Amino acid sequence: MTSRDTIFALSSGSLPSGVAVIRLSGPGTEAALKALAGSLPPPRQLALRTLTAPDGDFLDRGLVVCFPGPLSFTGEDCGEVHVHGGRAVVAAILKTLVDMHGLRPAEAGEFTRRAFLHGKLDLTRAEGLADLIEAETETERRLAAATSGGVLEGLYSQWRRQLIEARAMLEADLDFSDESDVPGSVADQAGPRISAMLQDIRRHISGFRAAEMIRDGYRVVILGAPNAGKSSLLNKLAGREAAIVTDIPGTTRDVIQVTLDLGGYRVHLSDTAGIRHSEDAVEQLGVAKARERAGQADLLLLLSDGLTPMPEVTSAAPAISVRTKIDARPQIGGSAFDHAISVVNGRGIEALVEEISKRAALTMDVGDRAVPTRQRHVDLLNRCAGALERALRLESDQTELVAEELRHAADALGRITGAIDVEDVLSSIFSSFCIGK
Ligand SMILES: Nc1nc2c(ncn2[C@@H]2O[C@H](COP(=O)(O)OP(=O)(O)OP(=O)(O)O)[C@@H](O)[C@H]2O)c(=O)[nH]1
Ligand SMILES: [Mg+2]
């Protein structure tokens, strides 16, 4: 598998920056780098060169490196130039490259796509790489590092191999079933092994919820009657004036969402309109939105300053009750609230943040467990599990049909890693990458 086009892209992100890395891949890489830099250093060694345009115009001085295929990220001839990260510097170099014969700008994810096509990584590792680049929290980074490191590839390949072996045994059993020296118990042995694998797959699928939450974030919704101190709490946790705060009840009309990194977990915190009965049409819409958000939440914070009533909402999410403004209205005696806070003197805020991150951790923590990270994985795992279930329901003398179901099951796993038949999913997977990866 070789590409005719040589592709290039700015791989180091937004400009201006201290250094900009422009990456190339394809058969014309070496010639393009020579045209820019004159002589090239030995493979995989950086060297300082003056880069010039074909007419001899000075472009920049920078580092040049070549990675001849197949020992490169894409498996093709690759190279990089590291130049000063000024917009005009990079624009001049990209312009020089685009004018060269056989070179064109890379599409999103095209370097990784080529790496996949050259067998450098499977689809789950490629998806893990995309996640690693997108990772904003420590939890996301850990999950992405595991996936890009190949934990899913290892698991799915192992299951697939076992299924292919089991099927081969069944088919051999069929072929030799007339001969007395082959015991006829292969089909009987297959049953327990299939059902053990089915259990493993089901357990593995159940980890998707946590992975989804790590990627999408944990949704915390602040609710309370008007003036309870909801927007003040949102601002305090966001560390900025994200929402308007006044002493007029009914200030917040819309849902205001901020995304925070709480203890390494991505948390979406939503401030909502104060819940009360109102004749005002705009306020009614705001209250309806607040109720809707409560229904989609993973955790509710129910606020009251001691005078405002506790909000009543319908939601399956667990709730934490929070007494606000304890600087102005200290609590007397025992408390019916889980937490007591003041945004004025900061009391109780740390404990509340700790509780939110602890709850987020409970739903998101996957530990060392490998979990599916895409709906695509879950769909194909379910297809695999479905085939195994059908195989288990067959009679022991229906060996041929069992073998056929095992083939379906193995194929589904092969589609996850890209070992078989994936042309149709490649575009949707790689188009979500950034340019230059
Ligand atoms: N002393 C004191 N005042 C607070 C505290 N938190 C909020 N307030 C005040 O309470 C009033 C209402 O605060 P908001 O944060 O706007 O209340 P809200 O729940 O968002 O109100 P609505 O948007 O109207 O539903 C403002 O005057 C705040 O300054 C606090 O911890 N201590
Ligand atoms: Mg408000």
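The model is predicted: local features need pLDDT of at least 70, side-chain atom pairs count only at pLDDT 80 or more, and totals for chains, interfaces and linings use all residues. Residues are numbered from 1 along each chain as its sequence is written, and side-chain values use heavy atoms, with hydrogens and water left out.

The domain assignment, automatic or from a database, gives domain 1 (6–106), domain 2 (135–207 + 372–430) and domain 3 (215–364). The centres of domain 2 and domain 3, over C-alpha atoms, are 45 Å apart. Seven residues of domain 2 contact five of domain 3 (heavy atoms within 4.5 Å).

Now the ligand. Around ligand 1 stand 22 residues (a heavy atom within 4 Å). K230, S232, G250, T252 and D327 are the closest. The shell holds eight nonpolar, 10 polar and four charged residues; Gly counts as polar.

For a side-chain N or O atom of K325, the distance is 3.0 Å. The protein covers 86% of the 640 Å² of accessible area that ligand 1 has on its own (Shrake-Rupley method, 1.4 Å probe).

Definitions and conventions
Chains lettered and ligands numbered in written order. Polar contact = N/O pair within 3.5 Å; in protein donor to acceptor, adjacent residues only side chain to side chain.
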